[in-house]
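Please open the model in a viewer and keep the selection panel at hand.

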Amino acid sequence: LKLPKSHGELGSEFRGDQEEANGFVREICEKHLKTATYDPANPKLAQVTTQWADAINEEIVAKLSALNGNFKYIVSTSLVQKNGAGLNIATRCFWDDQTDGSLFFRYENKTLTAVVSVFGVAL
């Protein structure tokens with residue numbers, strides 16, 4: 001993946017929370033994925049990866065809402081096996097770039113790569 005560890009296009013109102021958000025997104029990914037193994041031979045892989053992504057998304061939304069309740073948040077986590085294959089993710093938003101914003105974060109362990117996409121839309 002060519003994505004840096006984190007980056008974003010943040011409106012001024014969302015931008016103030018970027019550093020703190022990066023920190024807890026990293027902590028949450030670490031908590032849920034540090035020892036996770038992406039094993040294609042696991043017959044329950046789809047169920048397990050869905051559980052990991054759901055747990056990460058729910059925890060990030062809760063933290064963001066506590067940090068700044070003046071936004072609606074959309075969080076998406078994509079998980080892919082680390083095997084040399086590429087991953088392309090594209091997003092497009094129509095919003096107020098003075099207030100709204102996005103943040104993208106990449107986390108890797110020995111067997112997987114996670115890309116977390118966060119969108120904040122001012123109320």
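**Before selecting anything**

This is a predicted model, in which local features need pLDDT of at least 70, side-chain atom pairs count only at pLDDT 80 or more, and totals for chains, interfaces and linings use all residues. Residues are numbered from 1 along each chain as its sequence is written, and side-chain values use heavy atoms, with hydrogens and water left out.

**Stop 1: the whole chain**

Display the chain as a cartoon. It has three helices and four strands, where helices (H or I, at least four residues) and strands (E, at least two) are DSSP runs numbered from the N terminus. Read from the N terminus, the order of elements is β-α-α-α-β-β-β.

Next, colour by pLDDT, the predictor's confidence in each residue on a scale from 0 to 100. The chain has a mean pLDDT of 86, and 86% of its residues reach 70 or more. Confidence is highest in α3, at 95, and lowest in strand β1 (residues 6-10), at a mean of 46. Select residues 1-10: the pLDDT there is below 50, and beyond near neighbours in sequence this stretch has 27 contacts in the model; a contact means heavy atoms within 4.5 Å. Where pLDDT is low, the predicted coordinates should not be read in detail.

Of the 123 residues, 39% count as buried (buried is under 20% relative accessible area, exposed over 50%, and partly exposed in between; 1.4 Å probe, protein chains only). Among contacts in the chain with a separation of 6 or more, 76% are between residues 24 or more positions apart.

**Stop 2: the nonpolar core**

Select Leu-33, Ile-60, Leu-64, Leu-112 and Val-116. These residues have the most contacts inside the largest nonpolar core, which has 25 residues; such a core is a set of buried Ala, Val, Leu, Ile, Met, Phe, Trp, Tyr and Cys residues joined through side-chain atoms within 4.5 Å. At least two residues of this core come from each of α2, α3, β2, β3 and β4 (112-122). In soluble globular proteins, nonpolar side chains tend to be buried together.

Which residues does Leu-112 touch, not counting those up to four places away in sequence? Centre the view on Leu-112 to find Leu-33, Ala-36, Tyr-38, Trp-52, Leu-79, Val-80, Gln-81, Lys-82 and Tyr-107.

**Stop 3: the aromatic cluster**

Rings of Phe, Tyr and Trp (its six-membered ring) pair if their centres lie within 6.5 Å, and planes under 30 degrees apart count as stacked, over 60 as edge-to-face and the rest as tilted. The count by this rule is three aromatic pairs.

One of them, Trp-95 with Phe-119, is tilted, at 6.2 Å centre to centre and 55° between the planes. Trp-95 lies in the loop between β2 and β3 and Phe-119 in strand β4, so this pair ties together parts 24 residues apart in sequence. Phe-119 is buried at 10% relative accessible area, whereas Trp-95 is partly exposed at 26%.

Phe-104 and Phe-119 have ring centres 5.8 Å apart and planes at 85°, so their pair is edge-to-face. Here strand β3 supplies Phe-104 and strand β4 supplies Phe-119, at a sequence separation of 15 residues. Phe-104 is buried, with a relative accessible area of 12%.

**Stop 4: the salt bridges**

How many salt bridges does the count give? There are four, each a side-chain nitrogen of Lys or Arg within 4 Å of a carboxyl oxygen of Asp or Glu.

Select Glu-59 and Lys-31, whose closest N and O atoms are 3.1 Å apart. Glu-59 lies in helix α3 (residues 45-67) and Lys-31 in helix α2 (residues 18-33), so the bridge ties together parts 28 residues apart in sequence. Glu-59 is partly exposed at 23% relative accessibility, while Lys-31 is exposed at 59%.

Move on to Glu-108, which meets Lys-82 in a salt bridge at 2.9 Å, N to O. Glu-108 is in strand β3 (residues 101-108) and Lys-82 in the loop between β2 (71-81) and β3, 26 residues apart. Both are partly exposed, Glu-108 at 30% and Lys-82 at 37%.

Arg-106 counts as buried, at 12% relative accessibility. Shared partners join Lys-82, Arg-106 and Glu-108 into one network of salt bridges.
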